[in-house]
Amino acid sequence: MPIDLRSDTVTQPTPAMREAMFSAPLGDDVLGDDPTVNALEAKAAALFGMEAALFCASGTMTNQLAIRTHTRPGDDVICDYLSHVYQYEGGGISVNALASVSLIHGQRGKITPDLIQEYIYNPADSHKPISRLVVLENTVNKGGGCYYTVPEIAAIRKVCDENGLILHLDGARLFNALIETGEPTVAYGQLFDSISICLSKGLGCPVGSLLLGKADFIRQARRYRKLMGGGWRQAGFLAAAGIYALDHHIDRLKQDHSRARKIGAMLERLPEVEEILPIDTNIVIFRLPETILAADYVASLATKGIRSITFGKHLVRFVTHLDFTDEMVTEMGTILNRHVA
């Protein structure tokens, strides 16, 4: 069986999660009467102290719904250039929201209040778009799983309030950050106007993400979800997996982080590894010398039973998850020590 570290989206539902899925009561979510979907949305909203939630097929959908709902055509969205909403969502900001983007070059994908202030346009200048929305990502995928803390976000919230800006969180791996900081979920509900959380990454669900916010915001987002073809019917099967994950799969994220650091220790001993980004959560990114292409290295690893992805011409990424075990860590160490370069 290959060791699959391409992403934490490759996990399979656990037996207990499958049991919860198959025993879930069902209805029609578009008609608003799927009891399991409704329970998941209420549970997630309460967890963050927010008014309402919307269950969607993916984190890309929840992010794009948030941006579409918060902005008007011609508005400007401020985010780091490494952000998932810019790098990996198919140009959705321009297609769905008809908005422009101001890209900040922060530190490992994290931006600061001072940097945001520099990118806020003068609303009286008709040559410029209206700065409307700031998007943060926590943890930062292309930043190697680094994360914001609540005090850092509070400082950004202050700048947003002073300039009339809306603040959205792409929290695809938010629980990975929270398990490291120990900060309460309700603190995030107080700081952000909207939050996207993914259930199919670290939490191990087969499908699904949630968008959280005020009730009026979620009502409008639900309308846009329908417009995008995102309404679904007996979705309670999938919602039940989300409920199970929120109840049982958050604390275990510590194991993923520990195993990621063990991989980092292995990589430090390999002559072909030039640099390893700091390992803060469950993402390991490392740099190869210019003489080795990441695509060739990844292909070589695959022949030896380790699946990974390229993250640049000379960058490789591993992501740990609930299906990556201690036994696999040991096996991986044996494989890596054979110098696959």
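Aspartate 216 and arginine 219 both lie in helix 10 (residues 215-227), three residues apart, about one turn of the helix. Helices (H or I, at least four residues) and strands (E, at least two) are DSSP runs, numbered from the N terminus. The model is predicted: local features need pLDDT of at least 70, side-chain atom pairs count only at pLDDT 80 or more, and totals for chains, interfaces and linings use all residues. Residues are numbered from 1 along each chain as its sequence is written, and side-chain values use heavy atoms, with hydrogens and water left out.

The side chains of aspartate 216 and arginine 219 form a salt bridge, with N and O 2.0 Å apart. A salt bridge is a side-chain nitrogen of Lys or Arg within 4 Å of a carboxyl oxygen of Asp or Glu. Aspartate 216 and arginine 219 are both exposed. Exposed means over 50% relative accessible area, buried under 20%, and partly exposed in between (1.4 Å probe, protein chains only). Across the whole structure, 18 salt bridges are found.

Another salt bridge pairs aspartate 193 with arginine 157, at 3.1 Å between the closest N and O atoms. Aspartate 193 sits in the loop between helix 9 (185-191) and strand 7, and arginine 157 in helix 7 (residues 150-163), so the pair ties together parts that are 36 residues apart in sequence. Aspartate 193 is partly exposed at 26% relative accessibility. Arginine 157 is buried at 12%.

Aspartate 4 and arginine 6 also meet through their side chains, in a salt bridge of 2.6 Å, N to O. Aspartate 4 counts as buried, at 13% relative accessibility. Arginine 6 is partly exposed, at 34%. Salt bridges with shared partners join Asp4, Arg6 and Arg307 into one network.

Cysteine 205 lies in the loop between strand 7 (194-198) and strand 8 (209-213). Its relative accessibility is 0%, so cysteine 205 counts as buried. Beyond its neighbours within four places in sequence, cysteine 205 is in contact (heavy atoms within 4.5 Å) with Met17, Leu199, Ser200, Ala241, Gly242 and Ala245. Cysteine 205 and leucine 238 are 33 residues apart in sequence, and their C-alpha atoms are 7.8 Å apart.

Phe22, Leu26 and Phe237 make a nonpolar surface patch of about 310 Å². Patches are made of residues with over 30% relative accessible area and no salt bridge; like charges are joined within 9 Å, nonpolar side chains (Val, Leu, Ile, Met, Phe, Trp, Tyr) within 5 Å. Leucine 26 is found in the loop between helix 1 (15-22) and helix 2 (35-47). Leucine 26 is partly exposed, at 34% relative accessible area.

Conventions:
Accessible areas come from the Shrake-Rupley method with a 1.4 Å probe; for residues, only the protein chains shown count as cover.
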